[in-house]
Amino acid sequence: MPAAYTEKELTEIAIWLKEGLSASHIAVRFSTLRGSPVSRNAIIGIVHRDTGLRAIGFANPKGGRSGGRPRKHARPDWRSRVAAGSIALSEPSALARQVESADAEAANLPPSGGDAR
């Protein structure tokens, strides 16, 4: 069975992958290069089957799932935030305000000595 794509075509796809182009954008450019229409799914298949292209892979700037959308039943990330009441202490300004209000409350308290008569 002859190779479906030439080395020149695979090299061009590798260059476009390194540039961070999506499969759709590569398909448009590859169609122009080849002179016949090539679908986005065909590009994904080419990258999947070729070990050199697979090592480069498609760029995913958001990380995680493709498309950047959250999972359907995703839990909130409670480990990255510590809440005090309704204030998230992961933000430095919120933490500073929380400390200031606690200091102000402590200043208004009567002395805790045992001789309060």
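Which backbone oxygen lies 2.8 Å from a polar atom of the side chain of S31? The legends below take up this view and two more.

This is a predicted model, where local features need pLDDT of at least 70 and side-chain atom pairs count only at pLDDT 80 or more, while totals for chains, interfaces and linings use all residues. Residues are numbered from 1 along each chain as its sequence is written, and side-chain values use heavy atoms, leaving out hydrogens and water.

View 1. The backbone oxygen is that of A27, 2.8 Å from a polar atom of the S31 side chain. S31 counts as buried, at 19% relative accessibility (buried means under 20% relative accessible area, exposed over 50%, partly exposed in between, with a 1.4 Å probe and protein chains only). Beyond its neighbours within four places in sequence, S31 is in contact (heavy atoms within 4.5 Å) with S36, P37 and V38. Helices here are DSSP runs of H or I, at least four residues, numbered from the N terminus.

**View 2. The salt bridge of R34 with E9.** Here the closest N and O atoms are 3.0 Å apart (a salt bridge is a side-chain nitrogen of Lys or Arg within 4 Å of a carboxyl oxygen of Asp or Glu). R34 lies in helix α2 (residues 23-34) and E9 in helix α1 (residues 7-19), so the pair ties together parts 25 residues apart in sequence. E9 is buried, at 11% relative accessible area, whereas R34 is partly exposed, at 33%.

**View 3. The salt bridge between E19 and R29.** The N to O distance is 3.5 Å. E19 sits in helix α1 and R29 in helix α2, 10 residues apart. R29 is partly exposed, at 38% relative accessibility. The structure holds 2 salt bridges.

How values were computed. Helix = DSSP H or I, 4+ residues; strand = E, 2+ residues; numbered from the N terminus. Polar contact = N/O pair within 3.5 Å; in protein donor to acceptor, adjacent residues only side chain to side chain.
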